[in-house]
Amino acid sequence: MIALPDVLAVISGAAVGLILALIGGGGSILATPALLYVVGVADAHAAIGTSALAVSANAFANLVNHARRGNVNWPCAAIFAVSGVAGAILGAEAGKATDSHVLLPLFAVLMMVVAVTMLRRREADAPHAIVLTRAIALRLIGIGLVVGFVSGFFGIGGGFLIVPGLIAASGMAMMTAIGSSLLSVGAQGATTAASYALDGLVDWRIAGLFILGGLGGGLIGAALGSRLARERGMLQRVFAAIVFTTAIYMLYRSFAA
């Protein structure tokens with residue numbers, strides 16, 4: 001007999017995958033609250049570890065599609081990813097050591113920042129070639145460490161931070177930054193998930209079902225993407241409102257507890 005949490009995990013994963021395919025980065029921020037309040041994962045740290053694994057798998061799947069379209073600057077992406085992994089290791093350890101009554105309100109505040117960032121997102125810049133210099137490499141390493149720490153601490157992909165970080169460090173075009181960011185999202189998510197898994201804070205069954213749903217939702221979103229291209233800005237605003245509302249609910253639940 002199929003248990004209700006299993007069904008909810010697939011549905012939640014499909015919803016996150018659909019959102020990611022339709023509007024891009026930022027959608028995975030809902031993975032942890034979905035696991036907590038929809039699927040019913042009781043422990044906040046287990047929800048973070050499980051969502052990190054799901055986000056990582058989703059990112060690597062999307063990386064293949066972007067690589068085929070030539071949207072990945074591999075040298076810049078690799079440097080940022082390696083430094084991000086180092087930051088994620090430190091961030092994951094700090095996150096596990098932080099009480100959930102402190103961690104969840106901080107996560108809610110981060111969600112509000114994501115919502116505002118999505119509303120302020122700019123259109124894609126004209127593409128131009130990037131020559132990797134020592135100065136650019138140093139900026140990639142520095143920003144990657146900071147973004148990786150935040151990603152590991154909260155168990156998120158961090159695409160909404162990685163994309164502007166790559167642009168600020170190298171000046172690459174928006175679409176190239178989006179494609180390149182997925183290597184860091186996947187690597188940092190896998191690093192965070194591994195750290196949490198070592199302490200038994202990953203629900204492998206729920207993670208697998210969430211990933212399965214995410215792949216299905218992503219396929220549906222990709223099919224709808226061209227039809228809804230004109231409404232992408234509106235969809236992004238609606239999603240930002242959902243993220244902000246969810247953050248308020250998380251703050252309420254945290255302080256009510």
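This is a predicted model: local features need pLDDT of at least 70, side-chain atom pairs count only at pLDDT 80 or more; totals for chains, interfaces and linings use all residues.
## Packing of α2 against α5

Helix α2 covers residues 31–39 and helix α5 covers residues 100–119. The two pack at an angle of about 130°, and their axes lie 11 Å apart. Angles of 65 to 115 degrees count as roughly perpendicular and those over 145 as roughly antiparallel, so α2 is oblique to α5. The crossing of the two helices is left-handed.

On the α2 side, the contact is made by Thr 32, Pro 33, Leu 36 and Tyr 37. On the α5 side, Leu 104, Phe 107 and Met 111 take part. By class, the residues of this contact are six nonpolar, one polar and no charged. Nonpolar side chains tend to be buried together in soluble globular proteins.

## Burial and end of α2

How much of α2 is covered? The helix is mostly covered, with seven of its nine residues buried. The buried residues of α2 are Ala 31, Thr 32, Pro 33, Ala 34, Leu 35, Leu 36 and Val 39. Thr 32, Pro 33 and Leu 36 are buried, and these residues also belong to the contact with α5.

After α2 comes Gly 40, which has a positive phi near 95°.

Methods. Residues are numbered from 1 along each chain as its sequence is written. Side-chain values use heavy atoms; hydrogens and water are left out. Axes are lines fitted to C-alpha atoms, for helices over the stretch in contact, and angles run from 0 to 180 degrees between N-to-C directions. Helices (H or I, at least four residues) and strands (E, at least two) are DSSP runs, numbered from the N terminus. Angles under 35 degrees count as roughly parallel, over 145 as roughly antiparallel, 65 to 115 as roughly perpendicular and the rest as oblique. A crossing is left-handed if the near helix is turned anticlockwise from the far one by less than a right angle, and right-handed if clockwise. Contact means heavy atoms within 4.5 Å. Ala, Val, Leu, Ile, Met, Phe, Trp, Tyr, Cys and Pro count as nonpolar, Asp, Glu, Lys and Arg as charged, and the others, Gly among them, as polar. Buried means under 20% relative accessible area, exposed over 50%, partly exposed in between (1.4 Å probe, protein chains only).
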